[in-house]
Amino acid sequence: MRKATIGDAAIEVIAAEGMRGLTHRAVDRFAGLPAGSTSYYARTRAALLELAISRMVELDDVTLDPAPGQLAEYVAGFVHAAITQGRTRMLARYEFALEATRRPELREAYDRGGLVIRRRCAEVLADRGSAEPERHARVLVAWLDGTIFDALAGTGSLRPPDLAELTRGAREVLAGLGVAG
């Protein structure tokens, strides 16, 4: 329980202050814990980063099980949730993505989470008739990632897409892949 609290607070710190703001003291403060609590569970900065990214992967355990004929709505809902109530975690994810390019020890944990969503997308796309589910999953995930990034950190953040616009976009992507949406 305490590790989850620390992981959640570390994600909040990263989203609010970037990687440079991630300190044991800042996590204690965000979590409302006594000073030194974070250090007890994660002695080093590397251990704290690993704890935070592991927590993110745990929170990302997404069940992809859209109802028949509702794939576009499901995908749009996923993106909408990521840019609204999931905003903090997504911002932290972008910070981790950049950090993982410089820290091989984080790369594995970061990729582990990304591979889960790609694998699940490929399974769903195969069930919906995709001729090339793994390649199509890569395209769909790229659309998801790009749309979320643009809505949170890109120029699209000036006017993020609403659920209706996201649904139209998801339908267009799925139609382009020849997949029943």
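The lining of the largest pocket comprises, by class, 17 nonpolar, 4 polar and 6 charged residues. This tour of a predicted model sets out from that pocket.

**Stop 1: the largest pocket**

The volume of the largest pocket is about 690 Å³. Select Asp60, Phe78, Met90, Arg93 and Asp145, which are the closest to the centre of the pocket among its 27 lining residues. Next, colour helix 4, helix 5 (71-83), helix 6, helix 7 (104-127) and helix 8 (133-152); each of these elements gives two or more residues to the lining. Which helix gives the most to the lining of the largest pocket? That helix is helix 7, with 8 residues.

**Stop 2: arginine 93**

Remain at the largest pocket and select arginine 93, one of the residues closest to its centre. Arginine 93 is located in helix 6. Is arginine 93 buried or exposed? Its relative accessibility is 14%, and because buried means under 20%, arginine 93 counts as buried. Display its contacts next: leaving aside residues up to four places away in sequence, arginine 93 touches Met56, Asp60 and Tyr110. Of these contacts, Asp60 is also among the residues closest to the centre of the largest pocket.

**Stop 3: the second largest pocket**

Now select Leu115, Arg118, Arg119, Ala122, Glu134, Ala137 and Arg138, which line the second largest pocket. This pocket holds about 150 Å³ of space. Helix 7 and helix 8 each supply at least two residues of its lining, and helix 7 gives the most, with 4 residues. By class, the lining consists of 3 nonpolar and 4 charged residues, with no polar residues.

**Stop 4: helix 1**

Move to helix 1 and select residues 2-17. The distance between its end C-alpha atoms is 22 Å. This agrees with expectation, because 16 residues at 1.5 Å a residue should span 22 Å.

Within helix 1, highlight Ile6, Gly7, Ala9, Ala10, Ile11, Val13 and Ile14, which are buried. What covers these buried residues? The cover includes helix 2 (24-31), helix 3 (37-41), helix 4 (45-59) and helix 6 (87-102).

Technical notes. Residues numbered from 1 in each chain as written. Predicted model: local features only at pLDDT ≥ 70, side-chain atom pairs only at ≥ 80, totals over all residues. Heavy atoms only, no water. Expected span 1.5 Å × (residues − 1). Buried < 20%, exposed > 50% of the residue type's maximum accessible area, 1.4 Å probe, protein only. Contact = heavy atoms within 4.5 Å. 1 Å grid on protein atoms, 1.4 Å probe; cavity = no way out; pocket = protein on both sides within 12 Å on 5 of 7 lines; lining within 4 Å. Points joined across faces, edges and corners; volume = space filled by probe spheres on them. Nonpolar A, V, L, I, M, F, W, Y, C, P; charged D, E, K, R; others polar.
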